[in-house]
Amino acid sequence: MSLPPQFLDDIRARVPVSDVVGRSVRLARRGHEHVGLCPFHKEKTPSFTVNDDKAFFHCFGCSAHGDVIGFVMQHDGLNFPEAVERLADEAGLSVPETTSEARV
């Protein structure tokens, strides 16, 4: 699946990573970041950060890292096209059709 980079950037801009992560992780705001317990490994002290300005999440405990698409893929066990489709629907965008000419 080859999608235009601008389309993926639109998804990242319209769907804040903290909104998506916040559905499954209790986040506390600390300055420009949100902090919480990592959903990818068991921990007692929060080492999971989410930064909407930079549009990424990072865990200092298990090194999980990525953007909103990567979080949905890892957390929900979806592949890339499924994650993009889910987030595009949430953002009110339709996934563009890919043609053989677009892949060249």
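Reader: Ala 55 first: what's its relative accessible area?
Author: This is a predicted model, and in it Ala 55 has a relative accessible area of 26%.

Reader: Is Ser 63 buried or exposed?
Author: Exposed: the relative accessibility of Ser 63 is 54%, and the cut-off for exposed is over 50%.

Reader: Switching to charges. How many salt bridges does the structure hold?
Author: There are 4 salt bridges. Arg 12 takes part in one with Asp 9, where the closest N and O atoms are 3.0 Å apart.

Reader: How are Arg 12 and Asp 9 placed in the helix?
Author: They sit 3 residues apart in helix H1, so about one helical turn separates them. Arg 12 is partly exposed at 28% relative accessible area, and Asp 9 is partly exposed too, at 39%.

Reader: What else does Arg 12 form a salt bridge with?
Author: Asp 67, with the closest N and O atoms 2.6 Å apart. Arg 12 lies in helix H1, while Asp 67 lies in the loop between S5 and helix H3 (68–76), so this pair ties together parts that are 55 residues apart in sequence.

Reader: Asp 67, buried or exposed?
Author: Buried, with a relative accessible area of 19%. The cut-off for buried is under 20%.

Reader: And which salt bridge does Arg 23 form?
Author: Arg 23 pairs with Glu 90, and the closest N and O atoms are 2.4 Å apart. This pair links distant parts of the chain, 67 residues apart: Arg 23 is in the loop between helix H2 (17–21) and strand S1 (28–30), and Glu 90 is in helix H4.

Reader: How accessible are Arg 23 and Glu 90?
Author: Arg 23 counts as exposed at 54% relative accessibility, whereas Glu 90 is partly exposed at 36%.

Reader: Which residues are joined into one network?
Author: Asp 9, Arg 12 and Asp 67, through salt bridges that share partners.

Reader: Last topic, helix packing. What's the angle between H1 and H4?
Author: Helix H1 (residues 5–14) and helix H4 (residues 80–91) pack at about 55 degrees, and their axes are 10 Å apart. The two helices are therefore oblique to each other.

Reader: Left-handed or right-handed crossing?
Author: The crossing of H1 and H4 is left-handed.

Reader: Which residues make the contact?
Author: On H1, Phe 7, Leu 8, Ile 11 and Arg 14; on H4, Phe 80, Val 84, Leu 87, Ala 88 and Ala 91.

Reader: And by class?
Author: The contact of H1 with H4 has 8 nonpolar residues, no polar ones and 1 charged.

Key: Residues numbered from 1 in each chain as written. Predicted model: local features only at pLDDT ≥ 70, side-chain atom pairs only at ≥ 80, totals over all residues. Heavy atoms only, no water. Axes fitted to C-alpha atoms, helices over the stretch in contact; angles between N-to-C directions. Helix = DSSP H or I, 4+ residues; strand = E, 2+ residues; numbered from the N terminus. Parallel < 35°, antiparallel > 145°, perpendicular 65-115°, else oblique. Left-handed = near helix turned anticlockwise from the far one by under 90°. Contact = heavy atoms within 4.5 Å. Nonpolar A, V, L, I, M, F, W, Y, C, P; charged D, E, K, R; others polar. Buried < 20%, exposed > 50% of the residue type's maximum accessible area, 1.4 Å probe, protein only. Salt bridge = Lys/Arg side-chain N within 4 Å of Asp/Glu carboxyl O.
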